[in-house]
Each structure stands twice: as C-alpha cells, then as structure tokens.
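Please open the structure in your viewer and keep the selection tool at hand.

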Amino acid sequence: MAKAKVIIYGLGNQFKRREKYLEEMFDIIGYSDSKELRINKYIRPSQIKEQEFENIYITSMIYFEEIKKFLVEKLGIHEEKIISEKETVWYIDNDAGKEKWLKKKLAEIPVGKALLDAGAGELRYKKYCGHLRYISQDFGEYDDSEKSEGLHPEHWNTKQVDIVSDITSIPLQDGSMDAILCTEVFEHIKNPVLALKEFSRILRKNGILLLTAPFCSLAHFAPYYFYNGFSKYWYEEYLSEFGFEIKEMKANGNYFDYLRQELLRLPYMANNYCVGYFKEGEIEDRVQSSLTILKQLSDMDRNSSEVLCFGFMVEARKS
C-alpha cells in the first residue's frame with residue numbers, strides 16, 4: 001500500500017519522540033515549522049501550498065488547534081488535509097465511542113423531562129442535558145489529595161452536585177424521574193445490584209436508564225474501587241430482576257483496542273513501577289511494531305468484543 005505524501009509540521013519534542021516512526025508511516029515530502037530551521041527538506045510555511053501533498057501532520061497535540069487555525073486561516077489549507085496523532089497507532093481514546101453514544105441517547109430524551117445523573121462526579125455530561133431538568137447526585141467522599149494505590153485523576157471536584165448521598169439511598173420520591181444516567185460508577189459501588197434496585201424505585205414506568213461501566217479496568221479512585229468490570233451477562237441477569245427491559249447494549253472497543261491501550265500505558269507503568277530499568281524512549285521503540293499490528297487487527301475486527309472490550313453501553317426501559 002502506497003504511503004500518504006505528508007508534510008510534517010512541528011519539529012519539537014513530540015516530533016523527536018516519533019521521528020523514525022513517522023518516517024516509516026508516511027512518505028514525507030518535507031518538514032515545516034513556525035521558525036526557520038536548517039534541515040534537509042525544510043519548507044517555509046508560506047511555501048506549503050506550492051507542494052504536492054495529501055496531508056499535513058501536526059506533531060503537537062497541545063497546540064494542535066492553534067496550529068490548525070493558522071494553517072487554515074492564514075495559509076488557506078483545507079481543514080480535511082490536516083491530521084494529528086489521533087490518526088496514528090499511538091493514540092486511542094476509550095471514551096470517544098461512549099461519549100458519542102451518550103450524547104445521542106441523551107438528545108433523544110424529550111424536552112423538559114427530569115433526569116438524574118447518578119454518581120455524577122464532575123458533571124461531565126451535564127452539557128448534553130440542557131433540554132432536560134437535570135439533577136446530579138454523588139456520594140462526595142473521594143478525596144483527590146490522598147493518592148493511594150492505583151490510578152488517580154490529578155484533580156477531582158464534586159462540590160457542584162445537587163444531592164450528596166449514598167447511591168443506594170437517594171432522597172427522591174418513587175417514580176419521580178423520567179430518566180437516569182449512570183456512567184462509569186458501578187465499579188466504585190460496594191453493591192451495584194442495590195443501585196439498580198434504587199434506580200427502579202426512582203424511575204417512572206417506561207423511564208429510561210442509561211448505563212455504562214467497564215468490562216475490564218485497572219485499579220482507580222482507590223479505595224473506592226470494588227470491581228474490575230461487568231459483562232453483558234451481568235446486565236441481562238440483574239436488569240430484568242428489577243423490571244428493566246434492555247433496548248440496546250453495545251460494546252465500546254474490542255480486544256485489540258484494549259491491548260493497544262495497555263501497550264500505550266506501558267511507558268507510564270514502567271516509569272512508575274520499574275524506575276531506572278529502561279532508558280528513555282526504549283519501551284516505545286520495542287512496542288511500536290505491536291501497536292501497528294494491533295491497529296490493523298482492530299480495523300479488521302469481527303466481534304472480538306465478546307472476549308474483551310472497554311465496557312458496555314446499555315439503554316434500558318422500566319417496564
């Protein structure tokens with residue numbers, strides 16, 4: 001397969017980390033930057049449009065939008081020709097599919113309906129609920145200043161939630177909610193079955209329940225981490241027990257995506273748990289070929305999510 005003809009824009013630290021892989025991936029016709037550099041095949045920004053290329057690859061993720069705006073507005077480059085690390089084997093976002101699915105499902109809830117965001121945390125999905133009567137709930141006990149075992153967010157603030165309570169005992173009347181959203185919460189609950197029972201109590205008949213939780217996960221938000229994940233069979237067993245009918249259950253990611261995610265996490269894990277064993281960049285060098293193979297396999301995937309995926313996205317209705 002012929003490699004895409006690409007101009008690399010940005011020759012800083014991000015470029016240095018990926019240089020040889022970019023050379024393997026693309027047919028690089030030149031390099032450009034915001035400042036003049038004495039290198040072979042250097043192309044001044046003002047000369048980019050004179051070149052025959054398929055894409056411009058911006059190396060910086062931090063300044064991607066800023067550089068993209070410059071290329072489009074100042075140099076007249078077509079936006080669809082500009083790409084980033086998101087189009088490579090080094091990038092995976094296990095939230096992207098889930099975010100798209102939740103946005104769509106929340107938009108389908110009729111205007112003015114009452115929605116409870118259970119375990120809302122930092123109200124990440126409130127932005128998609130402007131047409132609804134949005135109420136948030138969280139237990140509010142996680143302390144982001146106490147980093148114990150496992151993975152933790154840099155900052156975590158739940159002070160904006162409306163209701164602070166246990167998720168299995170929420171101070172709302174029976175049948176008072178038209179919809180409940182609960183995303184990436186069940187692994188942090190001692191008894192998620194009781195949470196389903198509480199959701200059934202709060203939801204009116206034909207109310208909507210939107211659930212996501214990991215199928216497999218690493219320890220995070222300790223000490224409030226009780227389960228690695230939930231299979232589709234767990235949802236089928238317990239949702240029906242509390243009067244819910246599953247309308248849709250969709251896997252997020254697949255086996256190959258999950259392995260790629262963990263290979264990408266490998267440098268972080270090595271730096272934190274095997275300090276000094278590897279030289280800087282050595283691990284990235286070793287996993288590069290595996291990342292490429294896993295990306296190709298993911299693109300050809302045929303339902304490997306039945307074995308492993310990031311998690312399931314579930315829409316259920318209370319009967």
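The stops below lead from a sheet to aromatic pairs and then to the nonpolar cores.

This is a predicted model, in which local features need pLDDT of at least 70 and side-chain atom pairs count only at pLDDT 80 or more, while totals for chains, interfaces and linings use all residues. Residues are numbered from 1 along each chain as its sequence is written, and side-chain values use heavy atoms, with hydrogens and water left out.

**Stop 1: the open sheet**

Select strands E1 (residues 5–9), E2 (residues 27–32), E3 (55–58) and E4 (82–83). Helices (H or I, at least four residues) and strands (E, at least two) are DSSP runs, numbered from the N terminus. These 4 strands form an open sheet with parallel pairing, in the order E2-E1-E3-E4. Two strands pair if DSSP finds at least two bridges between them. E2 and E4 each have a single partner strand and stand at the edges, so one side of each is left without a neighbour in the sheet.

Next, follow the pairings across the sheet. E1 and E2 are joined over 5 bridges, and Tyr9 stands opposite Ser32 in E2. E1 and E3 pair over 4 bridges, with Ile8 opposite Tyr57 in E3. E3 and E4 pair over 2 bridges, and here Tyr57 stands opposite Ile83 in E4.

Now show the side chains of E3. In a regular strand the side chains alternate between the two faces of the sheet. Asn55 and Tyr57 point one way from E3, Ile56 and Ile58 point the other way, and all are buried (buried means under 20% relative accessible area, exposed over 50%, partly exposed in between, with a 1.4 Å probe and protein chains only).

**Stop 2: a helix across the sheet, and its aromatic pair**

H1 lies across E1, E2 and E3, at about 150° to E2; axes are lines fitted to C-alpha atoms, for helices over the stretch in contact, and angles run from 0 to 180 degrees between N-to-C directions.

How many aromatic pairs does a search of the whole structure find? The search finds 17. Rings of Phe, Tyr and Trp (its six-membered ring) pair if their centres lie within 6.5 Å; planes under 30 degrees apart count as stacked, over 60 as edge-to-face and the rest as tilted. Select Phe15 and Tyr31, an edge-to-face pair at 5.7 Å centre to centre with 75° between the planes.

**Stop 3**

Move to Phe186 and Phe230. Their ring centres are 6.1 Å apart and their planes stand at 70°, so the pair is edge-to-face. The two residues lie 44 residues apart in the chain, and both are buried.

**Stop 4: the nonpolar cores**

Which residues touch the most other members of the largest nonpolar core? Among its 36 residues, these are Phe186, Phe199, Leu209 and Leu211. A nonpolar core is a set of buried Ala, Val, Leu, Ile, Met, Phe, Trp, Tyr and Cys residues joined through side-chain atoms within 4.5 Å. Helix H4 gives the largest share of this core, 5 residues.

Finally, select Leu102, Ile109, Ala120 and Ile208, which are included in a second, separate core of 18 residues.

How values were computed
Contact = heavy atoms within 4.5 Å.
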